[in-house]
Amino acid sequence: MQQGTLMRKVKSKSWKKQRYFKLQEDCMTIWYQSKRTGKTESAFSISDVETVREGHQSEVLQSLAEEFPPERCFTIVFYGRRGNLDLIAGSAEEAQCWVQGLRQLIEPGSFPLTFALVSRTWIRDWFQKADKNKDGRMNFKEVQRLLKMMNVDMNEDHALRLFQDADKSESGTLEGEEFVLFYKALTQREEVLSLFQEFSEDGKKLTLLELVDFLRQEQLEDEGTEELAMELIDKYEPSETAQARHVLSADGFLMYLCSPEGSIFNPQHRVLWQDMSQPLCHYFISSSHNTYLIEDQLRGQSSIEGYIRALKRGCRCLEVDCWDGPNGEPMVYHGHTFTSKIPFREVVSALGKYAFKQGKTLLPYPLLGAEGSWLCWPPAVQDSRRQAPWRHWVAQGASLSPTPQELKHKILLKGKKIGRLEDTLDGPGDEAPDVSDDDNGAEAEEERRRAKVGGTQHGSALQKDKETLAQALSDCVIYCKNVPFRGFQEARSHSRPSEISSLSEAKARKLIRDEGNEFVRHNTWQLTRIYPSGMRTDSSNYSPQEMWNVGCQIVALNFQTAGTEMDLCDGLFSQNGSCGYVLKPPFMRDEETLFNPSDPSSREGPGPITLTIQVISGQQLPKVANSKEGAIIDPLVRVEIYGVPADQAHQETKYIENNGFNPRWDETLHFQLHVPELALIRFVVEDYDKTSRNDFVGQFTLAFANIKPGYRHIHLLSKDGTNIPPSSLFVHIRITE
């Protein structure tokens with residue numbers, strides 16, 4: 001890999017260009033060059049690579065299956081919304097060399113991304129960018145250019161002083177470790193050092209007892225504090241001598257604060273920590289809308305990548321809209337539009353591979369297949385019980401209100417059904433009556449309206465469809481039978497826990513406004529799915545928070561569209577092992593609850609709490625995309641609270657001029673939360689612009705329930721939700737009743 005390999009980069013059947021790929025000496029960067037010009041075309045970091053797929057595992061490579069054997073083909077998949085890289089090697093051996101080599105490099109155990117390694121990797125990347133003549137050393141002019149690239153606006157005399165202090169060889173240039181010294185001087189964290197010295201008697205180290213004091217007084221760690229202190233010293237103290245003496249140096253203290261244990265997100269909530277044995281309707285469920293689309297709703301591309309990406313983000317409710325295709329083969333696409341089509345069998349194949357996996361992590365809890373109005377044979381129970389999957393559940397004593405624990409590794413179909421679940425359990429009937437779109441009336445009507453606006457109606461396609469539902473297909477719909485919503489009283493009288501209603505965002509908002517408490521009660525015993533307005537042809541999203549406020553479980557969003565709405569979704573579902581299920585608070589699981597989100601006092605429990613956030617500093621913030629060369633950001637931090645209407649709020653710091661490298665704010669923000677159990681906190685960094693809208697720099701969103709108090713780092717994410725190490729905020733959090 002370090003010698004370099006000539007491979008074909010492919011984008012379509014007709015676009016196949018030869019590129020020279022090479023792993024750099026740092027083993028962290030891959031460059032590739034055009035064979036024709038020899039010019040470096042692009043580079044990517046190993047840390048950007050999520051996984052490597054062998055063979056024809058993309059639509060592009062599948063289209064070339066007859067031309068190139070699968071042993072020579074592979075796909076590099078990146079985090080976030082960056083497009084995949086499809087490659088064809090000259091031989092099977094070369095392909096294996098890259099596939100296995102890349103897997104080795106991205107394996108978590110290969111290079112543990114400690115704070116120290118992230119920093120060193122970051123240093124090396126910047127050194128290579130600034131070393132224009134590639135001689136492995138840097139003169140002062142190159143250092144000045146580097147500072148601009150790194151978002152630092154520094155006085156020239158001060159920069160020269162740091163440069164000369166680091167130039168131990170007095171050669172007028174910095175190389176290797178000299179540059180590391182320069183970087184360390186540049187990144188000196190005065191605010192962390194002063195905190196360290198506050199608890200250190202000699203200002204040079206924290207003894208075990210001094211560290212215990214810090215953990216108890218500031219971090220509010222109250223259980224097993226001495227054991228925790230010992231663990232932190234063993235894990236983060238770089239000096240073996242200090243480790244042996246059970247003390248923590250200033251470097252070790254900083255490494256702890258930058259670690260998962262020093263993060264604002266409670267590490268105990270990153271793993272599965274909630275009760276998974278409650279009925280399905282007691283959970284918020286990560287849900288996507290028109291999952292197959294990766295662009296807009298009218299002419300966008302349909303792709304199995306939409307399913308793979310959603311599943312890898314922990315999504316547990318997908319949409320598969322099936323239509324008749326050529327030669328009787330069902331196709332998946334957005335009906336009455338010009339979106340591209342994908343064969344249903346490819347969707348099923350992708351679900352078979354990814355439905356219960358997230359990288360190497362298993363996602364065992366059930367996957368819901370939320371179908372549109374036109375259903376097709378599903379990937380129901382892929383085993384010997386295919387003909388009568390319901391019998392399997394009877395054998396296990398399944399109830400009409402099953403739990404995620406009972407339904408592990410199962411795919412549930414949401415769709416139309418002949419009769420009731422009880423009838424199915426008693427045995428299938430002989431008739432297959434007509435089933436009309438009344439079962440999905442509101443959504444079907446929305447589809448027709450959208451098609452009319454988009455100018456895509458095709459003759460009788462806008463007429464009311466009438467179809468015959470096969471008994472075998474009906475029997476596959478067990479716990480999610482589609483029923484029309486005709487009011488809460490009607491539902492309570494005639495509906496069952498095994499049924500589900502779909503509501504448009506507009507209909508849901510009206511019910512929230514007019515019958516908030518009834519809506520909450522309804523969602524304690526039956527599933528509700530919310531879908532975006534058909535007018536959102538650009539795949540924009542509505543705010544999921546107002547739907548979660550009344551306990552709606554399946555709040556379907558366009559996962560392909562980055563923005564605040566998907567930040568909230570990722571923020572809520574990043575807890576509980578990212579399994580896609582989050583248990584609702586107790587007052588939203590009680591059928592007699594009095595809670596109404598418009599009246600916070602209706603919630604049973606303690607009074608409001610005060611959240612105090614001191615925004616102290618920022619570290620190595622990224623430059624704004626497409627900014628002018630040499631431009632340096634003027635960062636500010638805005639803290640946004642999402643929750644019940646009374647809790648919605650935002651406050652921001654002042655902006656710091658020309659410093660994206662180590663800005664200091666030292667500002668304190670106060671928020672009062674009436675229903676903290678439903679609150680999400682979003683930290684946003686923006687580049688201030690007095691003449692136009694501020695530019696996005698980074699963000700991090702989490703549920704209030706997952707916040708750790710004390711001195712904490714917030715590790716920022718990009719617009720599409722991927723990590724941007726080592727960019728972070730340093731804050732102090734206090735929560736008081």
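Of the 737 residues of the chain, 55% count as buried, where buried means under 20% relative accessible area, exposed means over 50%, and partly exposed lies in between (1.4 Å probe, protein chains only). This is a predicted model, in which local features need pLDDT of at least 70 and side-chain atom pairs count only at pLDDT 80 or more, while totals for chains, interfaces and linings use all residues. Residues are numbered from 1 along each chain as its sequence is written, and side-chain values use heavy atoms, with hydrogens and water left out.

Display the whole chain as a cartoon. It has 21 helices and 35 strands; helices (H or I, at least four residues) and strands (E, at least two) are DSSP runs, numbered from the N terminus. Contacts at a separation of 6 or more come, for 67% of them, from residues 24 or more positions apart, a contact being heavy atoms within 4.5 Å.

Next, select Thr-722, in the loop between strand E34 (710-717) and E35. Thr-722 counts as buried because its relative accessible area is 18%. Leaving aside residues up to four places away in sequence, Thr-722 touches Tyr-79, Gly-80, Leu-716 and Leu-717.

Proceed to Pro-726, which is found in strand E35 (residues 723-736). A cis peptide bond joins Pro-725 and Pro-726, with omega about 0°.

Two residues with positive phi follow. Select Asn-290, in the loop between strand E12 (283-288) and helix H12 (304-312). Its phi is near 45°, a positive value in a residue other than glycine. Asn-290 has a relative accessible area of 2% and is therefore buried. Then select His-409, in the loop between helix H14 (389-395) and strand E20 (411-415). His-409 is not a glycine, although its phi is positive at about 60°. With a relative accessible area of 43%, His-409 is partly exposed.

Finally, turn to helix H9 (residues 225-236), where Asp-234 is found. Asp-234 is partly exposed, its relative accessible area being 44%. Select Glu-226, Glu-227 and Glu-231 as well: together with Asp-234 they form a negative surface patch. Such patches are made of residues with over 30% relative accessible area and no salt bridge, like charges being joined within 9 Å; a salt bridge is a side-chain nitrogen of Lys or Arg within 4 Å of a carboxyl oxygen of Asp or Glu.

Key: Patch = residues over 30% accessible without salt bridge, like charges linked within 9 Å, V, L, I, M, F, W, Y side chains within 5 Å. Areas by Shrake-Rupley, 256 points an atom, 1.4 Å probe, with all protein chains shown as cover. Lys, Arg positive; Asp, Glu negative; His and termini not counted. Charge placed at Lys NZ, Arg CZ, Asp CG, Glu CD.
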